Amino acid sequence: MEDVSHSLAYANVGPLLAERGRIYWTKLDGPPPTKSEIEIGFADMTFPSGALFGRQAKQADVSLTLTGAFPFSGKPYAIKAWRAEEGRIDIRSSRIRWGALDVTGTGAIGLDAAYRPAGGVTLRLAKGDAVIDRLAALGQLNATAAAAAMTVLAFASLSATDGRAAAPVTLTDGEAAIAGFTLGPLQPVCACE
């Protein structure tokens with residue numbers, strides 16, 4: 001892989017992260033659709049006071065494959081072209097360790113015909129009860145939602161073989177759901193039509 005960490009220039013991640021991270025980008029040769037492999041990793045990141053899971057994050061990394069000319073510009077014509085060529089993001093591996101949060105994930109995401117995120121990711125959460133407690137303490141979850149989350153976590157933990165509760169996140173027909181429980185509607189990423 002070609003190390004492009006300096007030419008990609010952490011312009012969007014800020015100086016605190018730039019000192020502790022690496023970005024590798026490899027464009028795979030072959031016929032269209034274009035494919036790229038990206039690996040991004042950061043360690044020992046510091047966040048402002050009041051950050052969701054505390055001031056210090058130990059690790060954040062992701063290894064993914066982009067299919068199609070990914071619309072980094074965010075411009076509607078680029079998003080439309082990416083969707084037309086059935087562009088998608090395949091998350092081969094990812095992990096975040098930040099305070100109580102220790103989660104890994106794999107899956108694939110693209111866009112549906114209405115330009116809403118579509119696909120699915122399987123999250124594997126360690127110490128999920130600590131995450132729920134933290135979110136409740138911050139007022140992000142009320143008591144009813146926290147109790148429901150603990151119930152979902154208990155069911156997800158039944159199939160855990162490595163101490164990590166599996167939670168499938170699906171993005172289908174304009175709705176996001178986790179372990180079969182609807183989280184809410186998904187909005188189009190652009191007004192592309």
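Reply: Before we begin, one definition: helices (H or I, at least four residues) and strands (E, at least two) are DSSP runs, numbered from the N terminus. Please note also that this is a predicted model.

Me: How much of the protein scores a pLDDT of at least 70, and what is the average?

Reply: Where pLDDT is low, the predicted coordinates should not be read in detail. Here the average is 82, and 87% of the residues reach at least 70. Residues 1-18 fall below 50, and this stretch has 27 contacts in the model beyond near neighbours in sequence.

Me: Which residues of helix H2 are buried?

Reply: An α-helix has 3.6 residues a turn, so residues three or four places apart point the same way. In H2, which spans residues 76-84, the buried residues are Ala78, Ile79 and Trp82. These lie on the same side of H2, because they cover an arc of only 100° around the axis.

Me: Against what do the buried residues of H2 pack, and what does the face turned away carry?

Reply: The packing partners are three strands: E4 (56-67), E5 (88-98) and E6 (101-111). The face turned away from the buried side carries Tyr77 and Ala84, both exposed. Just after H2 comes Glu86, with a positive phi of about 55°.

Me: Where are Asp44 and Asp173 found?

Reply: Asp44 belongs to strand E3, residues 35-46, whereas Asp173 sits in the loop between E8 and strand E9 (175-178). Neither is a glycine, yet phi is positive in each: near 50° for Asp44 and about 50° for Asp173.

Me: What is the volume of the largest pocket, and which residues are closest to its centre?

Reply: Rolling a probe the size of a water molecule over the atoms shows where empty space is left. The largest pocket has a volume of about 680 Å³. It is lined by 28 residues, and those closest to its centre are Leu123, Leu125, Ala149, Ala167 and Ile178.

Me: Which elements supply the lining of the largest pocket, and of what classes are its residues?

Reply: Helix H4 (143-157) is one of the elements that each supply at least two residues, and its share of 6 residues is the largest. Others include strand E7 (117-126), helix H3 (128-137) and strand E8 (165-172). By class, the lining holds 22 nonpolar, 4 polar and 2 charged residues.

Conventions
Residues are numbered from 1 along each chain as its sequence is written. This is a predicted model: local features need pLDDT of at least 70, side-chain atom pairs count only at pLDDT 80 or more; totals for chains, interfaces and linings use all residues. Side-chain values use heavy atoms; hydrogens and water are left out. Buried means under 20% relative accessible area, exposed over 50%, partly exposed in between (1.4 Å probe, protein chains only). The arc is that of the directions from the helix axis to the C-beta atoms. Contact means heavy atoms within 4.5 Å. pLDDT is the predictor's confidence in each residue, from 0 to 100. On a 1 Å grid over the protein atoms alone, a cavity is a set of points where a 1.4 Å probe fits but cannot get out, and a pocket is an open set with protein on both sides within 12 Å along at least five of seven lines; lining residues have an atom within 4 Å of a point. Grid points are joined across faces, edges and corners, and a volume is the space filled by probe spheres set on the points. Ala, Val, Leu, Ile, Met, Phe, Trp, Tyr, Cys and Pro count as nonpolar, Asp, Glu, Lys and Arg as charged, and the others, Gly among them, as polar.
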